[in-house]
Amino acid sequence: MHLVFGVGHIKLNVRDVDAVIHDSTEILGLRVTKQAGGETWLSSNGRKAELVLLHSDENSCHTIGLEALTAEAVAEAASRVDGAGCRILSRDPSLACCDGGVTFATPDGLRFEVHTPARDDMYNPRYPTNGIKPRRLDHINLITPDPVTTRQQLSEICGMRLTERMVNEALSWMHGGNRQHHILGLVKGPVGLHHYSFEFSHFSDYCRLGDILDGFDRQVLWGPGRHRPGDNTYAYYLDASGAMVECSGAMHTVADDAHFVPNVITNLERPGNVRQMNVWGSPAPQEWREHHFPFARID
């Protein structure tokens, strides 16, 4: 049973908060919903928080928030943490806009919070912005030295399931209750964050993204293209903290979860495998393949 429905939020430690707020509002098109106590909350819709910036002396990923639909689902996830070989850091929600939450750490140093939905003013999702204005935070790709073990932990605690993987485990993707192809991607490597992603509404948004980035003397890192895993369109850029942001189109969904068989990608050699990651053919640049944004140390 899926205890986690989708991605809830992502917390980043950032040194230059004003610069990341500028990028998030003027490029991506989020809005600030709260600034207090060393935190800044931003959202792309009626939710109170999707991107949370923690004012810090380092740039790093602090927590990956996973949304469960009920307090009972959060409690069930909490009851599974020890058995999965992880440890609970807190049994209280980290955000005041959520009624319940449990934060846990994996032995490799990843930190997750399973929490109830953030407050959502669904009838007031629009606001003035110079940026793109995406629909929602839709997925996160983390980096782990042991993807197989991390997947097992997320499956045991959160009820997430494998959707697709490379035969060498360099990349894999997991889905939750919303059945989107993936809400978490797992990249093999030293613990970190590869990228966080917001869903775009229209393909023309990529044209605006490129022009807005150019206006700030910045550029698209990779894209536009269409990933074969998930079938979503995409473009990537780096924010002011050095974190990579994906702008994604809507993904395929797992329609028949009970009978679904995860796909295994066996063609790994270039140039023959280029269209495995981009249907349209442009290969991923080295900067994308080797990107690493550190995860905050867990005491």
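Rings of Phe, Tyr and Trp (the six-membered ring for Trp) pair if their centres lie within 6.5 Å, with planes under 30 degrees apart counted as stacked, over 60 as edge-to-face and the rest as tilted. By this criterion Phe-200, Phe-203, Tyr-206 and Trp-280 form one aromatic cluster. The model is predicted: local features need pLDDT of at least 70, side-chain atom pairs count only at pLDDT 80 or more, and totals for chains, interfaces and linings use all residues. Residues are numbered from 1 along each chain as its sequence is written, and side-chain values use heavy atoms, with hydrogens and water left out.

**Aromatic pairs**

A search of the whole structure gives ten aromatic pairs. Two of them are tabulated here.

| Pair | Centre distance | Plane angle | Class |
|---|---|---|---|
| Phe-203 and Trp-280 | 6.0 Å | 70 degrees | edge-to-face |
| Tyr-236 and Trp-288 | 5.7 Å | 70 degrees | edge-to-face |

Phe-203 is in the loop between β13 (192-199) and α4 (204-215), and Trp-280 is in the loop between α5 (274-277) and α6 (286-289), so their pair ties together parts 77 residues apart in sequence. Helices (H or I, at least four residues) and strands (E, at least two) are DSSP runs, numbered from the N terminus. Tyr-236 belongs to strand β15 and Trp-288 to helix α6, so this pair links parts 52 residues apart in sequence.

Buried means under 20% relative accessible area, exposed over 50%, and partly exposed in between (1.4 Å probe, protein chains only). Phe-203, at 43%, is partly exposed, and Trp-280, at 46%, is partly exposed. Tyr-236 is buried at 1%, and Trp-288 is buried at 8%.

**Nonpolar cores**

A nonpolar core is a set of buried Ala, Val, Leu, Ile, Met, Phe, Trp, Tyr and Cys residues joined through side-chain atoms within 4.5 Å. The largest has 59 residues, and Leu-12 and Tyr-196 have the most contacts inside it. Helix α1 (residues 17-28) gives the most to this core, with five residues. Contact means heavy atoms within 4.5 Å. Beyond neighbours within four places in sequence, the contacts of Tyr-196 include Ile-10, Leu-12, Leu-51, Asp-239 and Glu-246. A second, separate core of 14 residues includes Ile-143, Val-187, Ile-265 and Trp-288.

Two strands pair if DSSP finds at least two bridges between them. Strands β14 (residues 222-226) and β15 (residues 233-238) pair in the antiparallel sense over three bridges. Gly-225 has Tyr-234 in β15 as its bridge partner. Six residues lie between the strands of this hairpin, where Gly-230 takes a positive phi near 100 degrees.
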